[in-house]
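Let's take a look at how two protein chains sit against each other. Keep the picture open while you read.

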Amino acid sequence: MAEAFAVDIEGVHKNFGGLRALDGVNLHIKTGEIYGLLGPNGAGKTTLIRAIVGLVAPDAGTVTVLGRRMPDVDNLRNVGYMTQQAALYPGLSVEENVQFFAAINGAEEEDVTEALKLVRLDDRRKSVVATLSGGMRQRCSLACALVHKPKLLLLDEPTVGVDPQLRVQFWDDFRRMAASGTTIIVSSHVMDEAERCQRLGLIQYGRVLAEGSPNEVRALAGTSNLEEAFLKLAGAKAS
Amino acid sequence: MSGHRVAAITRRLLQQFRRDRRTLALLFVAPLVILGLLGYLIRGSTSSPAVGIANEDQGQLGAMFASALERSSLITATTIQASDGDAKLKDGSLVAYIVFPADFSSRAQAGTIAPELHLEGSQPGTSAPVLQALQQALTSVAATGPVHFEPQVHYLYGGPGFDTLDYFGAAFIGFVVFFLVFVITIVAFLNERSQGTLERLMASPLRRGEIVMGYMLGFTVLALIQSAEVLVFSLAVLKVHNQGNVILIFAIEALMALTAVNLGIFLSMFARTEFQAVQFIPLVIVPQVLLSGILFPVSTEPKPLQVVSDVLPLTYAVNGLRDVMVKGADLTWSSLQLDAGVVAGFCVVLIVAGVATLRRRIA
C-alpha cells in the first residue's frame, strides 16, 4: 500500500535548553518526490531530519514516516540516512564500509556492488577510507545510506565538498531514484541545489517560512531568483 | 536480537583492528613488556646491599659473626674500619655497617649479644635484608655451640622458592588484561560516537542490545587471545608459581576481560572526547590498583578502605587468581565460587547498564 505522504510532520516542537530548534513545524512530503529543506546554518534542518529518523524526540507534535509513527526501529530498514559529516569507519576499505551498512540493514552483496557503481567508487572499492579525498568519502557515505534501497532517503547536505561535475551526476541519480518511487529529502543552504528539487521548504528559526515548487516560492516572494526570495521571505517573517 | 546484525558489528570491529597495528601492539605486545619488566625487576637483580663490617672484638665471637655475614647471600659484606663507616653511609657506598665492639665476646658470655648496626635509613627496603642477614649469622653461630637451632619449616602454600613475583604475578595477570582491554574498549566506543557512525547505527534497525553484544563479542575475541598470551608468557617464560588448573585461571581472566569490555562501553557514555575517556583511568583504574589487593592485602587495609575494596571487581579477580595459582583452589572452594560469582555478577550488571545508557535519542 502506498501512503499518500512519505513523511507527515504535524506541529513538531523541540527545545534544547533555551534554544528553540523546531517551533511548530508542519510538513507533508509526498511519496516519490525530491523535497529540499532550505535554510541557513542553524535553521533547524538537521534537527528536523533527526526527528524524522527518530533520533530527536519532539517535545510536542507527531512524526509519521511511511505510514508509521516514529520512533519505530523496525521502520528504519526503509530509511536511508546520510549524515552531514561523512560518518564512516576510516580504517576500513570503501567496500567494507558499504558491506557493513548493508549487513545491518539486511541488504545483500549484489546491493553493495550496485551502490558502489552508482556512486562511481567501484574501482576504489579496496581503498581504505582514510586515504580518500573529501568528495570520495562523501560518495562512499552516500553508498552506505542507499545500499539497502530505502523507500525514504534523507540526505543532510550531501554535496558539500563534491565537485560540480559529480554534483550533476548525483542529482541525476537522485532523480532516477525518485522516479522509481524513492522519496528523497535533501537539506542544503546552496540555492542552486534548491532549483533541482521538486518542492522546497524554506526553514529559519525552526519554522517553515514558505513551501512549494521553486517557481511557487519565487512567485510568493515576487522575485526572480530563489536567493532573493529566501531573503525577502525571511525578512518578512523576522519583522 | 538478530545474530546476523550482531555478527556484522563483531566482524567490522575485527576488520578495524586488523589494520590498526598500533592498537594491536598495545593489546598484544604491551602486556608482555609490562610483565617481562616486572619479572626482570623482581628476579633479575644480582646486587645485594653493600654492608661494611668492622670487627674490633678482642674475643672469638666477633670473627665468627663476621665470617658468617661474609658468607650470607643477602648482603655483600666488606671489612671496614668503624671510624670510616659514617662517611661511607653518607657517600652511598654502603647501606649499613655493623660493628662488633671490643667487649662483644665478653658481654656475650654475660648474656648479651650486642652488635652495633648503623643503617643509612632513607630506603626502608634495603634495611630488611641487613637485619635478616644478621639474624641468620646469629643462628649459624649458635649452631656451632652445644645447642643446635634447627627449625623445621613447613609451608601450607608456596614454598621456600616462592618469591615476590609469584605473589604479584598472579594478580598482575588479571590486572594487565583488565587495564588494556578497558582502555581500548572505551576509546573504540567513543570513536564510534565522535566520528558520527554511532548516529548512523542509531538510525538503522539495529537494537541497542545488538550493538553492545556485537562490541562485546568482538572485544572478547581480542581479550581472550590476549589472556591466553599473558598466561602462557607468565607460566612458561616467567615461571610464575602455579598450583592450580590452567583452564580455571584462563576462565577467571576471561571473565575479567569481559567485565573490562562492558565497563568500557558503559563509561564511554559519560565521555564526549577521547581526552575525557582517558580521565577515567585515574578514576577507575588507580583505585583498583591500590585497593584490590594487588599490592597490599585487603585484610591489612584500614576498615573504611576495605569497604571500598569489597565493591571493586578487581578485588575478587585478584583474590580468585591468587587462590588458584598460589593455593591450588578449584571450584569446590567456596571462596573461589564467591570470587568467580561476583566477577560474573559485575559483568552482567555492566552489560545491562551499557544497554540501558546507550541512548537512541539525542534528547
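Here is a short tour of chain A, then of the interface.

This is a predicted model, where local features need pLDDT of at least 70, side-chain atom pairs count only at pLDDT 80 or more, and totals for chains, interfaces and linings use all residues. Residues are numbered from 1 along each chain as its sequence is written, chains are lettered from A and ligands numbered from 1 in the order in which they are written, and side-chain values use heavy atoms, with hydrogens and water left out.

Start with chain A: its C-alpha atoms fill a box of roughly 55 × 40 × 35 Å along the principal axes. Of its 239 residues, 57% are buried (under 20% relative accessible area, 1.4 Å probe, protein chains only).

Now for the meeting place of the two chains:

| Item, chain B and chain A | Value |
|---|---|
| Residues of chain B in contact | 27 residues |
| Residues of chain A in contact | 36 residues |
| Buried area | about 2,800 Å² |
| Salt bridges | 4 salt bridges |

Contact means heavy atoms within 4.5 Å. Buried area is the accessible area (1.4 Å probe) that two parts lose on being put together, summed over both. Carbon and sulfur atoms give 57% of that area.

Which residue of chain A pairs up with B:R207 in a salt bridge? It's A:D74, at 3.0 Å from N to O. The rule wants a side-chain nitrogen of Lys or Arg within 4 Å of a carboxyl oxygen of Asp or Glu.

Note on methods
Buried < 20%, exposed > 50% of the residue type's maximum accessible area, 1.4 Å probe, protein only.
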